[in-house]
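Please keep the sequence and the model at hand while reading.

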Amino acid sequence: MTATMTVPPAPASRDDIAVMARQAGLQLPPDLFEELVVAWGNVEPMLMRLRRGRDRADEPAHVFDPRKFMPSDGA
């Protein structure tokens, strides 16, 4: 499988964050909204690092063989 590079979207603006909060049913007072904006600035880069476009077979759990790390009989 060939990995494809995608251009990450522009960082969310305050208006974008307000829309996401409303869609989530949040009615935040201004001080908590400011905390959400700061927190989103930390969450968004983590979301961009999540791998996408991978086949289920590419999952490391499907290729890990723990027997390779077991002690050999000759040691």
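Which residues in H1 meet which residues in H2? In this predicted model, Arg14, Ile17, Ala18, Met20 and Ala21 are the H1 residues that meet Phe33, Glu34, Leu36, Val37 and Trp40 in H2. The residues of this contact divide into eight nonpolar and two charged, with no polar residue among them.

Two packed helices are described by the angle between their axes and the distance between the axes. Helix H1, residues 14-23, packs against H2 at an angle of about 110°, and their axes lie 10 Å apart. Because angles of 65 to 115 degrees count as roughly perpendicular, H1 and H2 are described as roughly perpendicular to each other.

| Residue | Helix | Relative accessibility | Contacts |
|---|---|---|---|
| Ala21 | H1 | 7% | Leu26 and Leu36 |
| Glu44 | H2 | 15% | Ala10, Pro11 and Ala12 |

Ala21 has a relative accessible area of 7% and is therefore buried, since buried means under 20%. Leu36, which Ala21 touches, is 15 residues apart from Ala21 along the chain, and the C-alpha atoms of the two are separated by 8.8 Å.

Glu44, found in helix H2 (residues 30-49), likewise counts as buried, because its relative accessibility is 15%. Glu44 touches Ala10, Pro11 and Ala12, not counting residues up to four places away in sequence.

Key. Residues are numbered from 1 along each chain as its sequence is written. This is a predicted model: local features need pLDDT of at least 70, side-chain atom pairs count only at pLDDT 80 or more; totals for chains, interfaces and linings use all residues. Side-chain values use heavy atoms; hydrogens and water are left out. Helices (H or I, at least four residues) and strands (E, at least two) are DSSP runs, numbered from the N terminus. Buried means under 20% relative accessible area, exposed over 50%, partly exposed in between (1.4 Å probe, protein chains only). Contact means heavy atoms within 4.5 Å. Axes are lines fitted to C-alpha atoms, for helices over the stretch in contact, and angles run from 0 to 180 degrees between N-to-C directions. Angles under 35 degrees count as roughly parallel, over 145 as roughly antiparallel, 65 to 115 as roughly perpendicular and the rest as oblique. Ala, Val, Leu, Ile, Met, Phe, Trp, Tyr, Cys and Pro count as nonpolar, Asp, Glu, Lys and Arg as charged, and the others, Gly among them, as polar.
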